[in-house]
Amino acid sequence: MIKLYDGGAYLVNGVDIIPDGKEAQAAVKGKTGRDINKEEAVKETIAYRILEEHNTSGNMDKLKIKFDKLTSHDITFVGIIQTARASGLEKFPVPYVLTNCHNSLCAVGGTINEDDHMFGLTCAKKYGGVYVPPHQAVIHQYAREMLAGGGRMILGSDSHTRYGALGTMAMGEGGPELVKQLLNQTYDINMPEIVAVYMTGEPAKGVGPQDVALAIIGAVFANGYVKNKVMEFVGPGVASLSADFRIGIDVMTTETTCLSSIWKTDGQIEEFYEIHGRKEDYKELNPGEVTYYNGMIMVDLSSIKPMIAMPFHPSNTYTIEELNANLEDILDDVEKRAAVSLDGAVDFTLKNKVKNGKFYVDQGIIAGCAGGGFENICAAADILKGSYIGSDGFTLSVYPASMPVYMELIKNGCAASLMETGAVLKTAFCGPCFGAGDTPANNAFSIRHSTRNFPNREGSKLQNGQISSVALMDARSIAATSANKGELTPATDFDGVIGKYKYHFDSNIYANRVFDSKGEADSSVEIQFGPNIKDWPKMCELPENLVLRVVSEIHDPVTTTDELIPSGETSSYRSNPLGLAEFTLSRKDPAYVERAKDIQKAQNAVMEGRCPVVEKPELKPVMEAIHKIYPDVGEGNIGFGSTIFAVKPGDGSAREQAASCQKVLGGWANIACEYATKRYRSNLINWGMLPFIIKGDDKQLPFKNLDYLFLPDIKKAVEEKADCIKAYAVGDGELAEFELSLGELTDEERQIILKGCLINYNRVS
């Protein structure tokens, strides 16, 4: 289904592929009649052109990007605006859309969620933004319908900010990167490599966008083929896909760990803009006559089969046919993976879902930015028509991605068809994607057309002995399974007709409910706060020397941001830094918070002019060991805090709180073998935390959990751009030296770390 090239490749006239190598230049010349320079051919990618138009540095190796538009939801916008306000924000300099699709239910924490919404509305009025009320649209659907445009760039504080299918390069980052844009600063990255996704053929009936996406994710996640790169979708197969189909693939590119995505555009995308009353925002985008890509992913759409991503990661992929044919072996493998992901905290098995050789599921969900699209739901309605989900434990919920989509489903009869089967239609809400809606029963198994299936992502709590799990599938196969009352069934088994429905966008829905300032700020508006909305606590500059205590040691192959700061009901505290910090690592390492707070006492003593050793007597032997080699380290030149070790932290969500919660609890660093995403590393930096890298085997670390580490002259090392950072493990009265590194940092990033965080870097006194 999927083939990966070992190296780069030229694409000639958008059709002919010539692998890079000794004969490549001659082959290209044979096709074009002219000599080709590789460096110039790179500039012919769609991505390069868009990045060049938005780069302000004058140096295409070191990009400083200004985005056209920004977007956030109600888990992130309060913290972002609070941070920007502390730095002197007076007006949103670019269109900034505040959607309310995560904490929409207002069902947890009393007034907390609606207080956040009113904060957002009054800020949109005061600073000149757009406010989308709860239940109107999920963040990414609204952006597709109202914000995207050919050749534009959008930055969002949600990791699935992907609008490449519409010709918009979009990126999901932690909140501090949006703060920078609000303060007229830039998004600074090295020029990313660009990988082509070359599509041929067309999908079989019953195969949907999630199937294609999961096939790609399964091929590229583990090997890092597109990590921090741009995926550029080209080839003749693109034309066989509708706009909705392309969107459904595109949103899932986040799960490959790529930086962004972009697609060639054509008449189908032009029609999308015309339907939404924005034909002028369409722009035809194609690679040049001769384009060079740093990698090539070949996708034969006709060979894609209905897919399933088993727990607990979107890359744990199989065809449904393969799973049904090899149930014992695959379920045994899932149990082994679960033992690692769940740390053996609960007993986990799916083998009890097998009855008479058939695999049965307990719940189906079609929802959010991935599953809630118009065509997905229409196809599900056609497959389910005339069937019933039954009156046993199996349930099916469908969440249209926006109220305009919902309205059209009502008008064309698909909503009625679904409800007649026993399915429940709900409003636009992201809850099922992050554990705040439709949490299954204990030991239940849910199939979902949504974005992620990490542990606890469906809402269960290991610390309470609960475990349910999620597999990702396409809406079509979810419908086929639902029609068989939970028996896992690929949609290619459906022999009826899946129709093509014309979509009509009703703009009045938004015109009547969405507040749009049209960019006009009103400084007279008073921001409405709630008792849960808190300012960030005071954070100090990076000290000259650091003593860190390792307070968590994680050896999982990958640590997700869900594990660093859980989703679900914790989301209600995203506007309260101290309140939210209490949940840090709570489902992965429940001892973390108290350990971090314990060493933080020493730093609090330093900041208040008291003796840290008096506050924490156990530091006395640590300081005595340090003074054997560094006698001048002490009052006025030392700081204390915590660090965690993880093999590969930061996969998944863009949520800045994965880093800020550690910082609030006195964290000064992470130590990792590598970082799963640029997003998480950027979040660490923006919160003034040192993103250390350690070489070697994670099973043979020079320290262990609860050890003290000493970093002499760390401030000087950051200032002087040291390649190697000298560190010591402190034990038995002695110092054992080892090396760390920080990787590449921009000058601005170094200053942020030195100041202690982005807030300090920008603070207006």
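Predicted model: local features only at pLDDT ≥ 70, side-chain atom pairs only at ≥ 80, totals over all residues.
Student: Understood. What runs opposite Lys69, then?

Tutor: Lys69 faces Ile154, which belongs to S8. The two strands concerned are strand S5 (residues 69-72) and strand S8 (residues 153-156), joined by 3 bridges and running parallel.

Student: Which order do the strands take in the open sheet of 6?

Tutor: The order is S9-S8-S5-S6-S7-S25, and the pairing is mixed. At the edges stand strand S9 (169-172) and strand S25 (515-516); each has a single partner strand, so one side of each has no neighbour in the sheet.

Student: Which helix lies across S8 and S9?

Tutor: That is helix H3 (residues 46-54), which runs at about 75° to S9.

Student: Moving to the sheet of 3 strands, what is its order?

Tutor: This open sheet has the order S3-S2-S14, with antiparallel pairing. Its edge strands, strand S3 (16-19) and strand S14 (290-293), each pair on one side only. From one strand to the next, the twist averages 25°.

Student: How many bridges join S2 to S3?

Tutor: There are 4 bridges between strand S2 (residues 9-12) and S3, and these strands run antiparallel. Within that pairing, Val12 is opposite Asp16 in S3. Helix H1 (residues 24-32) packs on this sheet and touches S2, S3 and S14, with its direction at about 160° to that of S3.

Student: Let us change topic. How many cavities of 30 Å³ or more does the search find?

Tutor: A search of the whole structure gives 5 of them. The largest cavity holds about 210 Å³ of space. It is lined by 21 residues, and those closest to its centre are His73, His102, Asp158, His160 and Arg457.

Student: What about pockets: how much space lies in the largest one?

Tutor: The largest pocket has about 1,000 Å³ of space. Of its 39 lining residues, Ser242, Asp244, Phe245, Glu375 and Lys500 are the closest to the centre. Elements giving two or more residues to this lining are H6, helix H9 (243-250), helix H10 (267-275), helix H13 (368-371) and helix H14 (374-384). By type, the lining of the largest pocket has 18 nonpolar, 11 polar and 10 charged residues.

Student: What volume does the second largest pocket have?

Tutor: Its volume is about 830 Å³. The second largest pocket is lined by 33 residues, with Ile189, Asn190, Lys678, Arg681 and Glu744 nearest its centre. Among the elements that give two or more residues to this lining are strand S4 (62-65), strand S10 (187-190) and helix H28 (747-755).

Student: Which element gives the most to it?

Tutor: H28 does, with 4 residues in the lining of the second largest pocket. That lining divides into 9 nonpolar, 7 polar and 17 charged residues.

Student: Next, aromatic rings. How many aromatic pairs are there?

Tutor: The count comes to 22 aromatic pairs. One of them is Tyr142 with Tyr510, an edge-to-face pair with 5.0 Å centre to centre and 65° between the planes. This pair links distant parts of the chain, with Tyr142 in helix H6 and Tyr510 in helix H19 (residues 508-513), 368 residues apart.

Student: Last topic, the backbone. Where is the cis peptide bond?

Tutor: A cis peptide bond joins Pro311 and Phe312, with omega at about 5°. Phe312 sits in the loop between strand S16 (307-309) and strand S17 (317-319).

Student: Which residue has a positive phi although it is not a glycine?

Tutor: Thr257 does, with a phi of about 70°. The loop between H9 and strand S13 (260-263) is where Thr257 is placed.

Definitions and conventions: Residues numbered from 1 in each chain as written. Heavy atoms only, no water. Pairing = 2+ DSSP bridges. Axes fitted to C-alpha atoms, helices over the stretch in contact; angles between N-to-C directions. Contact = heavy atoms within 4.5 Å. 1 Å grid on protein atoms, 1.4 Å probe; cavity = no way out; pocket = protein on both sides within 12 Å on 5 of 7 lines; lining within 4 Å. Points joined across faces, edges and corners; volume = space filled by probe spheres on them. Phe/Tyr/Trp six-rings, centres within 6.5 Å; stacked < 30°, edge-to-face > 60°. Nonpolar A, V, L, I, M, F, W, Y, C, P; charged D, E, K, R; others polar.
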